[in-house]
Structure formats: structure tokens, C-alpha cells
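Hello,

My notes on it follow, starting with the whole chain and ending with single residues.

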Amino acid sequence: MKGHSHILPLLFFSILMGKNVFSQDNQFFKEVLVKTEAFYKNTQSYSIETKYEYFETQNASQPLETLEGFIFKNNTNYFSKIGTTDFVYIQDVFLKLDHAEKAVIYSKSEGKNSFLPIELSSMIAHFESIVATSNKNEIVFDLSFKEELSIPYTKMVLLINSKTFEINRQELYFKENQKFPWTYNFEKPINEAKMIITLTPSNKNYPGSLLSLSNYISNSKTLKLSQKFDSYKLYNLSQ
């Protein structure tokens, strides 16, 4: 089964002679992150359209591959789609449905209440530097990763709505000899590539069945898939 990372996830602004002081920006990043987490946790219902774009070089204007999807929250339950993969958080249950592979992963989740479109809290310690700037509508964070980390990125740029503290966009810059995490030339190494994730608030009304466990599981005790997904293979990670 091919894996899809949900990407799956702030700040303090200070400028002096065009330069930023890391400790201040680090604190600002944390303060904004608290507000961002509060927005997504405390807003009872929202819909967000998402777009993942992969560029072969950091200066390229046209993406090699684009995947679209959405995030839908109602009360404390969430549904997220990225291309042909769905991520579902219902009560204490997490489901990942890979429609291309016809597979379902089932597990128990205790971290749903901290759900964010982009997980950030756990990443703070991994940044070598944090530089914050702002314009009329957005706070922009340029976040450089520590070189010794075994992650595929050199830096991340994060754009946040300065009024609502929603995440507008995330840019990830790849290290050399990495591979795209999706389908395009999966085995081809890439150099100086980038990925852009755009999140756009939406007024779409998604069906409530997306957040109904019975839509996926017909018997929660024996973990039998519903008739809609009876041709899928179930992987139970909660055992």
C-alpha cells in the first residue's frame, strides 16, 4: 500500500534594520501557533479546499504534478482528502482509505483534538532559524531546518492569515537527491525541488455521511467493512 503523508501541521514579529532576532521570532512563532491551533480547534465547522503542487526546481513556474482535495470538520470529527486518499477522524477512530490500492487502515487515535491542516507544534525544535515578516493580510515565516536532521527538506515558508490565523500556504524546499512523495516519477531523484500546499476556505456543504463511522465500518466489534468498501482490504493497527 502506497503511503501518503498527510501533511498531514507559531510566531513573534520583530524587524530591526531589515534583520530579525531569532529569539523574538521564535517566540512570535509560538504565539501565532497557539492562535492557529485555537482557530482550528474552536471553530465548530469548516471546509477548506486544498491543493498540493510539486515543482522540479525551486524557480519553476509550472508544477510537474498537482493533487487536489479538501478538509471538512464538523464538531470534533474531521475528513480530509488528498488525491485518491482519504483520512477520517471520528471520535477515537482514525481511518485511512487508499482508493487506488483499495485498502483501509484502521487505528485508534488520541491526538485528534490537536488536529491541524499542517502539523507544526512538534516541528519547532527542528528549526535552525525563524525569520518573520508581514504584509497587510499575512504573516510570513521563513523556517530553516537544522542540517543534521534526517528530513527531506532544507526549509519551509509558511503564510498565515494575519486576522484569522488560518494557514494560507505552506512551501517546502527539498534537499538534493530526494523523491517526490506522490505518483510522479516516484523513483526519480530530484534536486532543489519544492512543494506548495495551498489552503482556501470553502463554503461547500459536504455530506454528513463522510463523518459517519457506519459509512466505513458495518460492525465496530468485529471490524467488518461496510458494503460500500467490502472489496477493500482492511489493516487493523489497533490490535
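**What was found**

Of the 239 residues in the protein chain, 46% are buried. Please keep in mind that this is a predicted model. The accessible surface of the protein chain is about 12,600 Å², and carbon and sulfur atoms account for 49% of that surface. In secondary structure, the protein chain has 1 helix and 14 strands.

An open sheet of 12 strands runs in the order 7-8-9-10-11-1-2-3-4-5-6-14, and its pairing is mixed. At its edges are strand 7 (127-134) and strand 14 (233-236), each of which pairs on one side only. On average, neighbouring strands in this sheet are turned by 15° against each other, with direction ignored. As background, strands of a sheet pair through backbone hydrogen bonds, and the pairing is either parallel or antiparallel.

- Strand 4 (residues 85-90) pairs with strand 5 (residues 93-98) in the antiparallel sense, over 6 bridges. Phe87 stands opposite Lys96 of strand 5.
- Strand 5 and strand 6 also run antiparallel and are joined by 6 bridges. Here Leu97 is opposite Val104 in strand 6.
- Strand 6 and strand 14 run parallel, with 4 bridges joining them. Val104 stands opposite Leu234 in strand 14.

How many of the 6 residues of strand 6 are buried? The count is 5, so strand 6 is largely enclosed by the rest of the structure.

**Nonpolar cores**

The largest nonpolar core has 39 residues, and those touching the most other members are Phe29, Phe127, Phe141, Leu143, Met156 and Leu158. Helix 1 (residues 22-42) gives the most to this core, contributing 5 residues. Another core, of 19 residues, lies apart from it and includes Phe72, Leu95, Leu97 and Leu223.

**Two residues with positive phi**

Lys102 is not a glycine, yet its phi is positive, at about 55°. Where is Lys102 found? Lys102 sits in the loop between strand 5 and strand 6 (103-108). These two strands form a hairpin with 4 residues between the strands. Buried means under 20% relative accessible area and exposed means over 50%. Lys102 has a relative accessible area of 43%, so Lys102 is partly exposed.

Phe165 is another residue other than glycine with a positive phi, near 70°. Phe165 is found in the loop between strand 9 (153-161) and strand 10 (167-174). Is Phe165 buried or exposed? Phe165 counts as buried because its relative accessibility is 16%.

**Ser202**

The last item is a residue in strand 11 (residues 194-202), namely Ser202. Its relative accessibility is 13%, so Ser202 counts as buried. The side chain of Ser202 reaches the backbone nitrogen of Lys204 at 3.0 Å. Leaving aside residues up to four places away in sequence, Ser202 touches Ser47, Ile48 and Glu49.

That is the end of my notes.

Regards

Notes. Residues are numbered from 1 along each chain as its sequence is written. This is a predicted model: local features need pLDDT of at least 70, side-chain atom pairs count only at pLDDT 80 or more; totals for chains, interfaces and linings use all residues. Side-chain values use heavy atoms; hydrogens and water are left out. Buried means under 20% relative accessible area, exposed over 50%, partly exposed in between (1.4 Å probe, protein chains only). A polar contact is a pair of N or O atoms within 3.5 Å; within protein, one must be able to donate a hydrogen and the other to accept it, and residues adjacent in sequence count only if both atoms are side-chain atoms. Contact means heavy atoms within 4.5 Å. Two strands pair if DSSP finds at least two bridges between them. Axes are lines fitted to C-alpha atoms, for helices over the stretch in contact, and angles run from 0 to 180 degrees between N-to-C directions. Accessible areas come from the Shrake-Rupley method with a 1.4 Å probe; for residues, only the protein chains shown count as cover. A nonpolar core is a set of buried Ala, Val, Leu, Ile, Met, Phe, Trp, Tyr and Cys residues joined through side-chain atoms within 4.5 Å.
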